[in-house]
Amino acid sequence: MEDRSTTGSWRNKLGFWKWAIASVLFRLILTYFSKNLNLSSRPEVSTPLTSLRRLAEGYWLKQLSMSPYSGSMYHGSPLLLSILGPLTVKKIGGLSSELLCSLVSVVADFISAILIRATGTSLVRSHLHNWKALGLDKLFKGDEAVPSGDVAALVYLWNPFTIVSCIGFNTSAIENMFVVMSLYGASAGLVPLAAFGWVVSSHLSLYPIVLVIPVVFLLGYGLDAPPRKLFAQSNLKGGEKRSADHAELKSLNDKFSKTNFSWWRVVIFFFWAFVWTSYVLIMCAISMKEYGGLGEMFKRTYGFILAIEDLSPNIGVLWYFFAEVFDFFRNFFLIVFHVNILFMILPLAIRLNHRPCFLAFLYLAVSSMLKSYPSVGDSALYLSLLVLFVNELEEMQFTFFLFCGYVGISLLSPVMHNLWIWRGTGNANFYFATAIGYACFQIILVVESVSAMLNHDRKIRKLCNKV
């Protein structure tokens, strides 16, 4: 039996690497046809914040000793400008600039997939240990557990949203890599890495700053688990019924029933976050010394995000709303939409503090719905994180409906955009209808996933009462 399980695990590993390498080769092939595909001009793929075309213009302005923000085109990080800017104008070894930038995205996607796989492996291991600690190991067959880490990594690599973002000449892959790096560092206990990923991802796109809550929960409480009070209850029953024969089970139970928050690790995290933030700000100050300093950077990057100055069409809903709203009410609705994200943070954190990785998925999904300039790269990340909980969300409803909805929106959105912009046979409402539908499907996904996770916790509670 052990030989069979070992052989099966090796087959799974070989199967994963085979498909992972195939996805990289598939991306490399598509990069040669990236100009013909013209994905960099698609509003679903590139945004004013992630477009490398805008980054190239900012770098060109900087080469002319002008502020990279003076042209009102570039609104990203000056550090990203310094790193990727040379790749947009130079040819190395006969490779075009677009191909070089696409190679960077390919590497970033592959690193993200490896980190997602490692996080999923830790989650599955924690899931099995939790069942054993609760005395439910007889009811649960570990061999039937889906290797969610491998599946989630492959879903990320082969997701069409990820692929078009990778070859779409934008920085979404890099932003996603730092988000996943933060979650992996927190789940693996690598505090400096978690702080680095969180600081850089927040610096690049602002919205990942809300991930500080799940990261703190991961460092303080550990990986996702059933409600902690179940371990205390099971521990009491174990003391009454299983004294000598289950010493190992009781030690596991004591390990997982700790409700003490590890404040020391959180303090270390904030220390490293302060260190990395200071380093990033110092580097930005040096880069912007001749162009207005940090004040100009904050105004042109974070101010641009919060003020929603660019109303060009995208797959979000804010561009249409603020194109129609009266200027007198603009500031009021800006506050309403941005605060709406903050209103969801605290209730979800209180209810799901025992599942920080799942909480991170929810925060990313909510941010993707309500952010100023969303893209399909945001959806690619949270959809792959959702697969990490395939063992817990078995009873999730409307999965086929949601799958068809995402596919339908992906097909209709380019058609409606073409009818409106190029053919002139439609209007803005055509394209906005697909954005509304996309937002509705994301809302259903969030609601149903939360409901399925809470039902899973109730199921475990009932099983614990029967044991």
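Predicted model: local features only at pLDDT ≥ 70, side-chain atom pairs only at ≥ 80, totals over all residues.
Residues are numbered from 1 along each chain as its sequence is written, and side-chain values use heavy atoms, with hydrogens and water left out.

**Entry: Tyr69**

I checked the accessibility of Tyr69 and got 0% relative accessibility, so Tyr69 counts as buried. Buried here means under 20% relative accessible area, exposed over 50%, and partly exposed in between (1.4 Å probe, protein chains only). I then listed contacts, a contact being heavy atoms within 4.5 Å. Leaving out residues up to four places away in sequence, Tyr69 touches Tyr74, His75, Gly76, Ser77, Pro78, Met288, Glu296, Met297, Arg300 and Thr301. I also noted that the C-alpha atoms of Tyr69 and Gly58 are separated by 6.5 Å, with the two residues eleven apart along the chain.

**Entry: the whole chain**

I counted 21 helices and zero strands. Helices (H or I, at least four residues) and strands (E, at least two) are DSSP runs, numbered from the N terminus. Of the 467 residues in the chain, 54% are buried. Among contacts with a separation of 6 or more, 77% are between residues 24 or more positions apart.

I looked for nonpolar cores, each a set of buried Ala, Val, Leu, Ile, Met, Phe, Trp, Tyr and Cys residues joined through side-chain atoms within 4.5 Å. The largest one has 120 residues, and Phe269, Phe358 and Tyr382 have the most contacts inside it. For Tyr382 I wrote down the contacts beyond four places in sequence: Phe361, Leu364, Ala365, Ser368, Tyr406, Tyr438, Gln442 and Leu445.

**Entry: salt bridges**

How many salt bridges does the structure hold? I found seven, using a side-chain nitrogen of Lys or Arg within 4 Å of a carboxyl oxygen of Asp or Glu as the criterion. Side chains of opposite charge can pair when their charged atoms come close.

I took Arg27 and Asp109 to begin with; their closest N and O atoms are 3.3 Å apart. This pair links distant parts of the chain, with Arg27 in helix α1 (residues 2-31) and Asp109 in helix α5 (residues 97-133), 82 residues apart. Arg27 counts as buried because its relative accessible area is 1%, and Asp109 is buried too. Apart from residues up to four places away in sequence, Arg27 touches Val106, Asp109, Tyr156, Leu157, Thr162, Ile163, Cys166 and Ile167.

I then looked at Arg355 and Asp457, whose side chains meet in a salt bridge at 2.8 Å, N to O. Arg355 is in the loop between α17 (327-351) and α18, and Asp457 is in helix α21 (residues 428-466), so the pair links distant parts of the chain, 102 residues apart. Arg355 has a relative accessible area of 3% and is therefore buried. Asp457 also counts as buried, at 3% relative accessibility.

A further salt bridge joins Lys371 to Asp378, with the closest N and O atoms 3.4 Å apart. Both Lys371 and Asp378 are buried.

**Entry: cavities**

Rolling a probe the size of a water molecule over the atoms shows where empty space is left. On a 1 Å grid over the protein atoms alone, a cavity is a set of points where a 1.4 Å probe fits but cannot get out, and a pocket is an open set with protein on both sides within 12 Å along at least five of seven lines; lining residues have an atom within 4 Å of a point. Grid points are joined across faces, edges and corners, and a volume is the space filled by probe spheres set on the points.

I searched the whole structure and found eleven cavities of 30 Å³ or more.

**Entry: the largest pocket**

I noted a volume of about 950 Å³ for the largest pocket. Of its 32 lining residues, Asn159, Phe161, Leu383, Phe403 and Tyr406 lie nearest the centre. α20 gives the most to this lining, with eleven residues.
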